[in-house]
Amino acid sequence: MSKVLSLLLSCFIETQLAKENPTNPTEIVGYFPVTTKEQAGEAIEAAAGAFKTWKQTSIDERIIMMRKAIEKIRAAENEIVHLLSREHGKPLYDAHGEIYVSLMWMEFACNEAKSALQEEIKEHENGKTILTYDPIGVVAAISPWNYPIALSTIKIAPALLAGNTIVLKPSPYAPLAAAKVAEIIASEFPAGVINVVHGDADVGVELTTNPHVTKIAFTGGTETAKHIIKAASQTIKDMTLELGGNDAAIFLESFDVHDERAMRRIVISNFLTAGQICMIAKRVYVHRSIYDEFVEKYIEAANRWIRIGDPFDSNTTVGPVNNLKQKNVVLGLVEDAKKRGAKVIPLGQILDQKLFDQGYYLQPTLVLGCDVHNPIVVEEQFGPTVPILPFDDEEQFIHLHNESIYGLTSSVWGKEEGAISVARQLEAGTTMINTAAVQGLDVRFPFGGFKQSGIGREYGAEGIRTYTEKHVINVPKTLDLPYIPE
Ligand code: NAD
């Protein structure tokens with residue numbers, strides 16, 4: 001074989017894509033293989049093959065393997081966190097936070113799996129009924145770039161514990177750390193039980209149309225989910241969809257604007273991970289009676305907490321946006337709001353101007369004076385900007401909240417009793433009182449969205465059972481058939 005031909009062949013077999021560092025896009029963090037449609041099909045076949053024996057294993061065996069995987073992840077935490085921070089752009093403390101949430105959930109899933117999947121037996125007047133939670137089969141897990149490890153392990157742990165096999169496709173915008181964690185988990189499980197493929201929509205389509213895939217667990221944008229629902233309809237796949245949100249925070253008249261801890265909390269709830277979190281507070285409504293003072297205190301708190309810089313610098317609280325596409329989406333919304341007459345206030349301090357200029361950085365902004373239907377208010381910005389609007393009465397806010405096509409999370413801030421009463425009227429999967437975003441997350445309870453924010457739930461016992469088929473076995477007491485003539 002000629003040298004040129006062998007080089008061409010090796011390029012074909014070993015095609016790799018480079019992942020850039022968002023703080024310095026000319027720096028390559030690592031390479032990941034491009035999976036072809038055929039290779040994705042092979043990964044699904046491997047998962048389908050492994051399922052035949054994996055589903056026979058006992059829950060105790062699976063829990064032991066998962067616990068070993070958890071220990072290995074914990075031992076490799078520093079290495080994983082550094083990789084995540086470099087490929088994603090989130091500061092180190094934030095990357096540690098992601099591992100913390102991931103492990104908390106994996107531990108919970110191990111502790112909860114037995115009772116969540118325990119079969120139920122009911123003796124009754126007609127005999128006996130057994131309800132079992134059977135594995136579904138091959139799960140296609142498709143995750144986004146913003147929390148690549150947490151939103152992959154949220155699927156991997158319960159899917160495997162429930163006896164399924166899995167093919168994971170992380171996002172090409174943050175594939176390395178998620179693949180690393182999947183690889184660590186895979187090292188504790190039999191071959192074929194957990195498989196990783198890489199790519200974007202092309203590979204996604206193979207995962208969502210292949211007849212051997214019986215469940216799709218997807219986290220990502222609502223528009224992508226529409227394609228997935230169509231693709232999966234050909235083989236009627238089970239689906240859990242965790243989608244976009246436009247989560248509102250409401251500050252009632254009873255909220256104390258002088259509470260510095262609370263002001264710090266809302267700022268973090270707007271700008272953690274540079275605002276790139278599905279459940280971050282993306283629009284803020286403040287009762288008109290406290291609005292002016294609130295804005296003043298908010299700016300003070302934001303300028304104290306927001307320090308934009310190198311994710312590896314322990315002073316940094318906000319890193320760059322993960323990718324250029326998302327940076328442009330956010331910039332577009334802010335520019336549009338300006339054109340419509342909104343006032344845009346930059347927040348925080350830039351610690352390293354040179355780095356800021358070279359990376360996908362965006363200075364966080366506060367947007368004031370928007371109309372309630374301004375795109376920056378009604379669309380998901382998914383980045384470091386937030387509009388604050390006044391409202392006159394709770395009815396008006398509840399209407400504005402519930403007219404959204406989304407309903408992922410919301411938060412109500414103020415005296416507890418009044419806040420809970422407003423919370424009960426909001427159409428959202430989770431409502432937090434006097435906190436918001438991941439600070440208010442509780443993995444012991446189901447998480448998911450109303451309306452176009454999703455279908456189904458992750459986390460909690462529900463987030464384990466969602467990876468099962470409910471199988472009812474009826475055992476009648478007698479062979480008599482009372483209504484049917486002899
Ligand atoms: P995205 O929809 O662009 O991509 C998500 C994943 O889907 C990626 O792995 C991508 O490669 C894959 N994909 C793209 N097209 C596909 C197709 N046609 N078929 C199958 N897979 C396909 O989302 P993103 O930009 O990575 O993430 C941001 C979005 O995710 C935001 O809307 C955010 O709110 C949402 N999100 C929701 C939650 C939640 O729990 N509800 C959590 C995090 C992020």
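**View 1. Residues around the ligand in the predicted model.** The ligand has 29 residues around it, and those that come nearest are Lys-169, Asp-200, Thr-224, Leu-243 and Glu-380. By class, 14 of the shell residues are nonpolar, 11 polar and four charged. Nonpolar covers Ala, Val, Leu, Ile, Met, Phe, Trp, Tyr, Cys and Pro; charged covers Asp, Glu, Lys and Arg; the others, Gly among them, are polar. This is a predicted model, in which local features need pLDDT of at least 70, side-chain atom pairs count only at pLDDT 80 or more, and totals for chains, interfaces and linings use all residues. Residues are numbered from 1 along each chain as its sequence is written, and side-chain values use heavy atoms, with hydrogens and water left out.

View 2. A polar contact is a pair of N or O atoms within 3.5 Å. An oxygen atom of the ligand lies 2.5 Å from a side-chain N or O atom of Glu-380. For Asp-200, the distance from a ligand oxygen to a side-chain N or O atom is 2.6 Å. Thr-224 also has a side-chain N or O atom 2.6 Å from an oxygen atom of the ligand. The protein covers 89% of the 850 Å² of accessible area (Shrake-Rupley method, 1.4 Å probe) that the ligand has on its own.

**View 3. Elements and domains of the shell.** Helix H8 (201-209), strand E8 (213-219) and helix H9 (222-233) each give two or more residues to the shell. Helices (H or I, at least four residues) and strands (E, at least two) are DSSP runs, numbered from the N terminus. Domain 1 (3-243 + 453-473) and domain 2 (248-440) each supply at least three shell residues; the domain bounds come from an automatic or database assignment.

Key: A residue is near a molecule or strand if one of its heavy atoms lies within 4 Å of it. A polar contact is a pair of N or O atoms within 3.5 Å; within protein, one must be able to donate a hydrogen and the other to accept it, and residues adjacent in sequence count only if both atoms are side-chain atoms.
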